[in-house]
Amino acid sequence: MRKLLILFCLCLISSCDLFTSTEVKTQKLVEKELQAINWNDVDQYPLFDDCDETASKASQKECFENTLLLHFSMTLQEFEFILDKDIEEVVYVDFLVDKEGKITVLNIDKNRLIQEQIPEFDGIVSRSLKSLPALGPALKRGIPVNAKFRIPIILNSE
């Protein structure tokens, strides 16, 4: 009888998880899932109308970046800049694509030479981003999310 009582106590102790509420179990599962998500990466990049949403993630990224850089290149070629010195610099543009696909310039990282030679550069870049074709937002697990990007623009006056 004593052995049966000890066995019963061991079973009772080991089955404490059976008495845990489903809400607690669900919360633990959600916490574990949230920790497994890489929040610094998106499942689908923001896409322009001419980009294929069924393509691989790498192809989507390439289409997104190429469309942006082509648009910047065409915009900058429309302007004629008068420069005192030759410029061969890289300017980094940080921008945010929000949940609706709207673009906001966060920062334009340029050196003093660019600021002196092309003071209107920030305005040109901002206008260029705002004149981009329609853009779908980035997706994380099928949900639209904000996504921050940094692209390099190579300025070469030669």
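1. Let's start in the middle of this predicted model. The largest nonpolar core has 31 residues, and those with the most contacts inside it are Leu68, Val93, Phe95, Phe121, Leu129 and Leu155. Two or more core residues come from each of β1 (47-48), α3 (57-77), β2 (88-97), β3 (103-109), α5 (121-130) and β7 (147-156). The element that gives the most is β7, with 5 residues. As background, nonpolar side chains in soluble globular proteins tend to be buried together.

2. Which residues does valine 93 touch, leaving aside its neighbours within four places in sequence? Its contacts are Asn107, Ile108, Val125, Leu129, Phe149, Arg150, Ile151 and Ile153.

3. Now find the sheet. Three strands form an open sheet in the order β3-β2-β7, with antiparallel pairing. Because β3 and β7 stand at the edges with a single partner strand each, one side of each has no neighbour in the sheet. From one strand to the next, the twist averages 25°. Looking at one pair, β2 and β3 are joined in the antiparallel sense over 6 bridges; tyrosine 92, for instance, has aspartate 109 in β3 as its bridge partner.

4. Helix α3 lies across β2 and β7, at about 45° to β7. Helix α5 lies across β2, β3 and β7, and runs at about 150° to β3.

5. Next come the charged pairs. Side chains of opposite charge can pair when their charged atoms come close. How many salt bridges does the structure hold? There are 5. One of them joins lysine 140 and aspartate 43, whose closest N and O atoms are 3.9 Å apart. Lysine 140 is in strand β5 (residues 138-140) and aspartate 43 is in the loop between α2 (22-36) and β1, so this pair ties together parts 97 residues apart in sequence.

6. Arginine 150 lies in β7 and aspartate 109 in β3, so the pair ties together parts 41 residues apart in sequence. Both are partly exposed, arginine 150 at 45% and aspartate 109 at 35%. Asp94, Asp109 and Arg150 are linked in a network of salt bridges.

Technical notes:
Residues numbered from 1 in each chain as written. Predicted model: local features only at pLDDT ≥ 70, side-chain atom pairs only at ≥ 80, totals over all residues. Heavy atoms only, no water. Core = buried A, V, L, I, M, F, W, Y, C linked by side-chain atoms within 4.5 Å. Buried < 20%, exposed > 50% of the residue type's maximum accessible area, 1.4 Å probe, protein only. Helix = DSSP H or I, 4+ residues; strand = E, 2+ residues; numbered from the N terminus. Contact = heavy atoms within 4.5 Å. Pairing = 2+ DSSP bridges. Axes fitted to C-alpha atoms, helices over the stretch in contact; angles between N-to-C directions. Salt bridge = Lys/Arg side-chain N within 4 Å of Asp/Glu carboxyl O.
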